[in-house]
Amino acid sequence: MITNKTALLAVLLVASVAPCLAANPANGQRLYNMHCAACHGPRGEGVHPEAPKFRMGERLEQPDLVLMQSVKTGKKTMPPFFGVLQDPQILDILAYVRTLR
Ligand code: HEC
């Protein structure tokens, strides 16, 4: 039987370890809606004519670190987000974007 104490311990453990290990897609969703959805679409459907449709998996075959670099430097009409978003925030956004497929 799982006691309350065990459950509490588990929650504390996850809460303390998770932020170092995994990106946070819920935080990513909030940031995506704020900074990216205008062009890429709230559901990744692509609003801006040249913006990849994340919903169709476009560009998502590339690893996060490559995609993050494009987001930081900007690409064609996409503005650079360097100085606007920090690396962990961009990784949170990419984790969310990968759920749109
Ligand atoms: C002003 C419109 C605009 C905004 C805002 C925008 N993007 Fe883009 N994004 C684009 C366009 C256009 C491209 C395609 C560039 C190209 O043709 O290579 C693109 C490409 C990308 C790519 C693919 C890069 C690659 O190397 O293939 C990623 C990932 C991406 N955007 C993520 C984001 C994220 C995350 C945000 C928010 C932080 C964002 N974009 C905000 C227009 C935008």
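Tutor: The account below begins with the chain and then turns to the ligand and its metal site.

The model is a predicted one, in which local features need pLDDT of at least 70 and side-chain atom pairs count only at pLDDT 80 or more, while totals for chains, interfaces and linings use all residues. Residues are numbered from 1 along each chain as its sequence is written, and side-chain values use heavy atoms, with hydrogens and water left out.

The chain has five helices and zero strands; helices (H or I, at least four residues) and strands (E, at least two) are DSSP runs, numbered from the N terminus. Of its 101 residues, 29% are buried, where buried means under 20% relative accessible area, exposed over 50%, and partly exposed in between (1.4 Å probe, protein chains only).

Within the ligand, the iron atom has two protein donors, His40 through NE2 and Met78 through SD, at 2.0 to 2.1 Å. Donors are N, O and S atoms within 2.8 Å of the metal (3.2 Å for Na, K and Ca); water is not among the atoms, so sites may look incomplete. His40 belongs to helix 3 (residues 37-40), whereas Met78 lies in the loop between helix 4 (64-73) and helix 5 (87-97), so that the pair, 38 residues apart, links distant parts of the chain. The arrangement of the six donor atoms around the iron atom is octahedral because they subtend angles of 84 to 179°; six donors count as octahedral if opposite donors are over 155 degrees apart and all others between 65 and 115.

His40 is buried because its relative accessible area is 9%, and Met78 counts as partly exposed because its relative accessibility is 25%.

Around the ligand as a whole there are 22 residues, of which Cys36, Cys39, His40, Ser70 and Met78 come nearest; a residue is near a molecule if one of its heavy atoms lies within 4 Å of it. Helix 4 supplies three residues, the largest share of this shell, and helix 3 supplies at least two.

One in His40 lies 2.7 Å from a nitrogen atom of the ligand. Gln62 has a polar side-chain atom 3.1 Å from an oxygen atom of the ligand, and for Lys75 a side-chain N or O atom is 3.1 Å from an oxygen atom of the ligand.

Note on methods
Tetrahedral: all angles 85-135°; square planar, octahedral: opposite > 155°, others 65-115°. Polar contact = N/O pair within 3.5 Å; in protein donor to acceptor, adjacent residues only side chain to side chain.
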